[in-house]
Amino acid sequence: MRFINVLACILSALAILPNAALRADQAVVAGVNIYPGLSSDAQLGGSINDATLIATRLKSLGFNVVQLGDATASKESIMAALDDVATRIKPTERFVFYFAGHGSKSPDGSGVILPSNASQADQANYITKEELFNKVNAIQAKGRTILLDSCFSGAMTRGPIVHKGLALKARFYNFFSLHAKKISLVSVNNNDVPTTTLKASNADKICYFVAATESQRAYEDEFNGKSDGIFTHFLAQRLTDKAEQWSAIQADVADGVSVKTEATQSPVLSPSFASVAVFEGKSAASPVAVHRKSQNVWQTFNEDHANPSQVSIAVTPNLSSIAIGEQFHFEVTLSPGEGYLVLLELDPDGNLNLLYPMSHDVADAKVNGGTILLPADKSQAFSVDKEGQERVKAILFRSKADAQELLGQIPASGTIDSVDSAKDRKIVLASSQPIPFYTSTVAFEVIAASKKRALEKGE
């Protein structure tokens, strides 16, 4: 009966909107703080604030917004709202779906988001990636965007981050706790594309911009005395009426999120939408150029142009947590054709380190496709002697001048010893290509060997 009343309210509100509003761009915005079917420690504080903030921004951009919160953000209500938009949206309009709340892995290992009526006992109330994609794909709009401030996986083992005296709460609910004692440390390779679980034919139809990779957690914190999702806080600042492309938005949001979460959270954008104007479809003409004349090393490190067909980095062992002293190596696969490869590492101390080419010489960065193993000597391997987060980015430049400019900003020691120092180092990308470089990123957590053994045993 409650669902009938909620749906009736939604449809009634839509029915009284003036015709002008019905011709506006459309959005469904949902936020969940209260989960009656989950444990008390699973309740959130910032999701409703986030939904209101995004709804306000979208309305200022001309969107007609259906906003759902807590009890009205059940699976049935969210799906009904999406179905309703599909019946009335026009092909010339744009559509946005936004969700703030918990994400998780269901017991079968698939990523899900949790509406307000999610419960440990009833998996039918989870919303899977495929379910969400199918609903949004049925909305015939010129541009379709999904924004998620939640975790789809939350595989990193680290608990709340204490940042400037505040504890950042993760938007991740662990269903495995009641289904299996042993924790599965998930894959971290190929996590910089947010639609990896969708069929290849579907991955480029909808623009996804999500709070974190599938091996990370998404956090909320206090801003100006109220709780907000960290991803949403920085995203909302960048949603203006200025015509911009997603690549610029992603780089700036990732910059803020990474600093706030001590490099433990990395927002991810659908790679094929990097050069597309915000909220537009891929067929729409982009109003601004992708390429920015000047940026700093930190922006370059955070900017994603993920394209596995061009460059892909993988770590072995392929796990979200690696023990202190455990040996690992990287393998970079490159498409045929001349290019210049640079590998940068953000270590647990917050330093940016050059991993390749160690010589700093752009001639040694030159590649022509194939696979590069790092370290090159198979008898050697990397290891880390301190707990914390590791993020390694492979950057494939097609322009020698661009690669040379970046390498020239890195000290002879190969280390930029702080994010602030990286921000002071300006680079000028000279390439005239639509997308000046391609990237691939891998991130994992380094933990004590005893902690990893305990996790794997379920202790």
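This is a predicted model: local features need pLDDT of at least 70, side-chain atom pairs count only at pLDDT 80 or more; totals for chains, interfaces and linings use all residues.

**Entry 1**

I started with the nonpolar cores. The largest one has 36 residues, and L82, F95, F97 and L132 have the most contacts inside it. At least two residues each come from β1 (25–31), β2 (63–69), α4 (75–88), β3 (94–100), β5 (111–113), α5 (129–137), β7 (143–149) and β10 (207–210). The largest share is from α4, with five residues.

Leaving out neighbours within four places in sequence, L132 is in contact with L82, F97, I113, I127, I146 and L148. There is also a second, separate core, this one of 34 residues, and V65, A218, F223 and V278 are among them.

**Entry 1: the six-stranded sheet**

Next I traced the strand order. Six strands make an open sheet, β2-β1-β3-β7-β10-β13, and the pairing is mixed.

**Entry 2: the three-stranded sheet**

Another open sheet has three strands, ordered β4-β5-β6, with antiparallel pairing. Its edge strands are β4 (103–105) and β6 (127–128), and each of them pairs on one side only. Between β4 and β5 I find three bridges in the antiparallel sense. S104 is opposite V112 of β5.

**Entry 3: strand β18**

How many residues of β18 (residues 339–346) are buried? Eight of eight, so I can call this strand mostly covered, taking buried as under 20% relative accessible area. I sorted them by face. One side has G339, L341, L343 and E345, the other has Y340, V342, L344 and L346, and all are buried.

Which strands does β18 pair with? I list the partners here.

- With β22 (residues 388–397) β18 pairs antiparallel over seven bridges, and V342 is opposite I395 there.
- With β19 (residues 352–356) there are four bridges, again antiparallel, and L346 faces L352.
- With β20 (residues 366–367) the antiparallel pairing has two bridges, and K366 is the bridge partner of Y340.

I also looked at the turn between β18 and β19. The two strands form a hairpin with five residues between them, and G350 in that turn has a positive phi of about 85 degrees.

**Entry 4: helix α3**

I checked the length of α3 (residues 47–60) against expectation. Its 14 residues should span 20 Å at 1.5 Å a residue, and the end C-alpha atoms are 20 Å apart, so the two agree. The buried residues of α3 include S47, D50, A51, I54, A55 and L58. They cover an arc of only 125 degrees around the axis, which means they lie on the same side of α3. That spacing made me recall the general rule: an α-helix has 3.6 residues a turn, so residues three or four places apart point the same way. After α3 comes G62, with a positive phi near 95 degrees.

Is E220 buried or exposed? I found E220 in strand β11 (residues 219–223), and it is buried, with a relative accessible area of 5%. I then asked what its side chain reaches. A polar atom of the E220 side chain lies 2.9 Å from the backbone nitrogen of G45. The E220 side chain also reaches the backbone nitrogen of G46, at 3.3 Å.

D402 was my other pick, located in helix α10 (residues 400–408). With a relative accessible area of 0%, D402 is buried. What does D402 touch, not counting residues up to four places away in sequence? I noted F397, V428, L429, A430, S431 and P436.

Notes
Residues are numbered from 1 along each chain as its sequence is written. Side-chain values use heavy atoms; hydrogens and water are left out. A nonpolar core is a set of buried Ala, Val, Leu, Ile, Met, Phe, Trp, Tyr and Cys residues joined through side-chain atoms within 4.5 Å. Buried means under 20% relative accessible area, exposed over 50%, partly exposed in between (1.4 Å probe, protein chains only). Contact means heavy atoms within 4.5 Å. Two strands pair if DSSP finds at least two bridges between them. A polar contact is a pair of N or O atoms within 3.5 Å; within protein, one must be able to donate a hydrogen and the other to accept it, and residues adjacent in sequence count only if both atoms are side-chain atoms. The expected span of a helix is 1.5 Å times one less than its number of residues. The arc is that of the directions from the helix axis to the C-beta atoms.
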